[in-house]
Amino acid sequence: MSRFFHAGSDSESDSDSSVEELQPQRPVPGRAYTFSDDEEDTKRVVRSEKDKRYDEIRTIIKQMKNHKNIKDMPNVLTDFESLGKAYEKARKVVDKEGIPRFFLQCLCELDDFVNDCWEDREWRKQISKNNSKSLTSLRQKLKKYIREFETELGSYRENPDEEEVGEKEAVVEDEGVDDKLEPTKADIPSKKEARIAKEPTMSGDEGDESDESEFWGSSSSDSESESEDERPEGGRLTAEYFLKKTTEAESQRREERKRERKREKELKKKAKEEEEGEWEEVKGGAPLVVEKPKMFSKDQEINHEAVMKKLFEIISARGKKGTDRSEQIELLKELKLVAETANLGPAVAVKIMFNIMAAIFDYNPNIATCMRNEMWTYCMSAMKELLDLLITNEDITVGENIAEDNENVETSPYQVRGCVLTTLERMDEEFTKMLQGCDAHSTEYVDRLQDEYEINDMTKRLQKYLEQRGTSEELCRIYLRRIEHIYYKFDHSCFEPEKEGAGDAEETSSEDDMDRLCKYIYAKDSTDRLRTRAMLCHIYHHALHDRWFQARDLMLMSHLQDSIQHSDVPTQIMYNRTLVQLGLCAFRQGMIRDAHNALVDIQSSNRAKELLAQGLLPQRQHERTPEQEKIEKRRLFPFHKHINLELLECVYLVSAMLLEIPYMAAHELDIRRRMISKNFHHVMKMSDRQTLTGPPESMREHVVAASKAMKMGDWKVCKNFIINDKMNAKVWDLFYQKDKVRDMIVTKIQEESLRTYLFTYSSVYDSLIMDHLAEMFELKKPVVHSIISKMIINEELMASLDQPTQTVNMHRTEPSRLQSLALQLSEKVSTLVENNERIMEIKQGNYYFPKTNQPQYYQQNQGQNWNRGDQGRQGGWNRGDQGRQGGWNRGEGRQGGWNRDRDQDRWNQNQGWGRRGNRDNRQRNY
């Protein structure tokens, strides 16, 4: 009988015919809520300390095996450290029972694993830095840890399976004991067998009753006893009462069934693997076709039409989604091989080679990144092969203007659509990207730079080919490509004297090549861009080889400084590089003022690195977008074309020092003194702000210390700061003729120190002997004479030369310090008076225009303003400086005019408030 009917009564009638009397039922109390802990029968298992510790070690070993399978070295290292801690926790158990066998096995396997990984050098090169570091530390820690178990590990390695068998037998015995305690499948009869056994003894209603009881899983007596045992206390009906309970035997049977199914699956899987063979690793992504499609069928005739049709099929897949680019290149290679085997002529090979080059350039979809090394190597070999085909077969005509319908690849003369010059230019751009993608200080960059020789060779061959067949436009393009590979290279032969018989040599100097190529572009080019770039390269090459006057004249005659802002960005970068090289050339030739004027625009902005396209600097105002950063990185020059920025800054600061220090000495008391170099003054101010000044270390500190020494008139100390071992190694040894440059610098320091001395002490001495000056500054007497004569002619020094006595007589026309201060005071007072008068004019309303004669008065006032502005501009820079120092708004004409406009606006505002406005309010608002 079902247990559902036992909740409210103790017994029920089974017969349907007789109606029994109703018996009073026991009232069921209300259901009480119970906690989940009370409902569940949790079975606590008491485990020994040995089992706890060993299970913990086994869990760690299992994790370590998983990490070893994927070679995750950081996690293996972590597992090893956890294993050591777990072993220390189990030290008491180990002392009693001995070292467990599985622990020794784990150490042996870990040792072998680490040694195998360490010997695999190729794998170690490919792994990340974190993996490599973890492997090294794991190897060291494992060596130290294993020393404690040398004897145990030695015995284990001799007989690794000795105790494993014993352990397995013990496990089997334990399982046998458990099986004896629990009934097996054979001992427990199934429901069907029990039903068959009971059927002969039952009849009629008893059979129906037994069937019903069997349907609910037990006999009637069992169900009654179960109902009595499982009935809740106090008549509580809980959810647990209605749940079907499973015994421990049934749960074990289910687990055994799961194990059997798992074993069957594994057996089927192994059998399937044995039938199919080993697995193959395939590339991820879209499924690749394993078998290459056949070019032509066996019976098909291979002729021009079939090959061109197949070529069109391959090209039509170019650019489509899912097209494998590497497969396209392989198909084109195979098609070229088929065409060569069938002897279809050189024109077909040229046509296929053009398409192979285009497929190589399309291989890398990202424009910002360079192609792979193996693809670059094949690109160069394909370009060589294409040039060989065109040069050897003179009856092949190629060009972009040939239409596809007019192509002729079957009979001579051949016509093929394609431009070999464009292909070479694209390859040259890829070469630049390859250099940009390499580390400039690595051997990879040097290896890649060696390919430039082959590119130059291919450019020369194409130049000879186009000189016979190309147009003037194509010749200008190939000549510019040659120029851009020559202009920045230093040619030592330009400084060596010509030897006899050198004119018979076939090779010409780089100067002659540049001159010939550039002049052709000047004459034949129809676009301004090629002519401008050729001219800048020509000037750069002249300046690099110390041909100062040719470079200067070419720069001035070209008038590039007036129109360069309208050019594209790469041409502007080229102009900056040329200007910098021109300044360095002027410095090497002793033209200090010209060198400073050439370098001041680049160095004053503190962005020389960015202006010369040698790197990117962070921007303060706004950040670059990723697209802008990619574009600017593509414009950067490769490392071998860079100009040394420290050398550039040193040349600029030394030039500024040689110009600024004598000028500061000449205009020491002049308030209206202007600055020649703002950057130099900034460097000097920053040095003066330092509380503690030690010996100079950097290049900039050396120049600052030398400037202070020159200001004091000590030229020897100045020379020692500029010319020393540290400065030689950093700067001066980078020049080609370094000794000549150092001698020039020393001479310039002596001359400018003499000028500074004369400016500083002209008011102290009545006369100076030239012999004494020559001895003091270690200059020749004619040099001293010429320097003083120039200063007198330029009215820099108020003196006269006495030829018989060889002396310099000072006239002392310069005002003394007291006189200079008095002049400053008088100028400030006059400025104050003028400003007060202007305020009074504003208050009296002279700027208020009446309606009757407003235009006439406006014209008069306007003329007055313009005259004042012109007067302020004629006064020059000094009056503007004076106005700023005086503290009032005198300034130039522009500054004064602005203040007047502002004052008038305020006056008009006051008038707008009302003519009866308060005077104090107007004053306050002003």
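Student: In which helix is Gln463 found, and is Gln463 buried or exposed?

Tutor: The model is a predicted one, and in it Gln463 is part of helix H21, residues 451–469. Leaving aside residues up to four places away in sequence, Gln463 touches Ile478, Tyr479, Arg482, Arg516 and Leu517. Its relative accessibility is 5%, and the limit for a buried residue is under 20%. Gln463, in H21, therefore counts as buried.

Student: What percentage of the residues in the protein chain is buried?

Tutor: The chain folds into 43 helices and 5 strands. Of the contacts between residues at least 6 apart in sequence, 64% join residues at least 24 apart. Among the 926 residues of the chain, the buried share is 35%.

Student: What is the order of the strands in the open sheet of 3 strands?

Tutor: Strand E3 (767–769) and strand E4 (799–802) stand at the edges, and each has a single partner strand, so one side of each lacks a neighbour in the sheet. E3 pairs with strand E5, residues 807–810, in the antiparallel sense over 3 bridges, while 4 bridges join E4 to E5, also antiparallel. On average, neighbouring strands of this sheet are turned by 20° against each other, direction ignored. The order is E3-E5-E4.

Student: Which residue in E5 is the bridge partner of Ser767 and of Ser800?

Tutor: Ser767 has its bridge partner in E5 at Asn809. For Ser800, the bridge partner in E5 is likewise Asn809. The residue asked for is Asn809.

Student: How many residues lie between E4 and E5 in their hairpin, and at what angle does helix H37 run to E3?

Tutor: The turn of the E4 and E5 hairpin includes Gln806, with a positive phi of about 55°, and 4 residues lie between the two strands. Helix H37, residues 770–777, lies across E3, E4 and E5.

Student: Which two residues are joined by a cis peptide bond?

Tutor: Most residues other than glycine have a negative phi, and most peptide bonds are trans. Here a bond with omega of about 0° is found, and its proline, Pro413, has its place in the loop between E1 and E2. The cis bond joins Ser412 and Pro413.

Student: What is the phi of Lys71 and of His559?

Tutor: Lys71 lies in the loop between helix H2 (49–69) and helix H3 (73–89), and at 32% relative accessibility Lys71 counts as partly exposed. His559 lies in the loop between helix H25 (548–558) and helix H26 (560–563), and at 44% His559 also counts as partly exposed. Neither Lys71 nor His559 is a glycine, yet phi is positive in each. The value is about 55° for Lys71 and near 55° for His559.

Student: Which helix gives the most to the lining of the largest cavity?

Tutor: The search of the whole structure finds 2 cavities of 30 Å³ or more, and the largest has a volume of about 60 Å³. Its lining includes Ile314, Arg318, Gln328 and Asn355, and divides into 5 nonpolar, 2 polar and 1 charged residues. Helices H15 (304–316), H16 (325–341) and H17 (346–361) each give two or more residues to this lining. With 3 residues, the helix that gives the most is H17.

Student: How many charged residues line the second largest cavity?

Tutor: About 30 Å³ of space lies in the second largest cavity. Asp546, Arg588, Gln589, Gln737, Lys740 and Val741 form its lining. They divide into 1 nonpolar and 2 polar residues, and the number of charged residues is 3.

How values were computed: Residues numbered from 1 in each chain as written. Predicted model: local features only at pLDDT ≥ 70, side-chain atom pairs only at ≥ 80, totals over all residues. Heavy atoms only, no water. Pairing = 2+ DSSP bridges. Axes fitted to C-alpha atoms, helices over the stretch in contact; angles between N-to-C directions. Contact = heavy atoms within 4.5 Å. 1 Å grid on protein atoms, 1.4 Å probe; cavity = no way out; pocket = protein on both sides within 12 Å on 5 of 7 lines; lining within 4 Å. Points joined across faces, edges and corners; volume = space filled by probe spheres on them. Nonpolar A, V, L, I, M, F, W, Y, C, P; charged D, E, K, R; others polar. Buried < 20%, exposed > 50% of the residue type's maximum accessible area, 1.4 Å probe, protein only.
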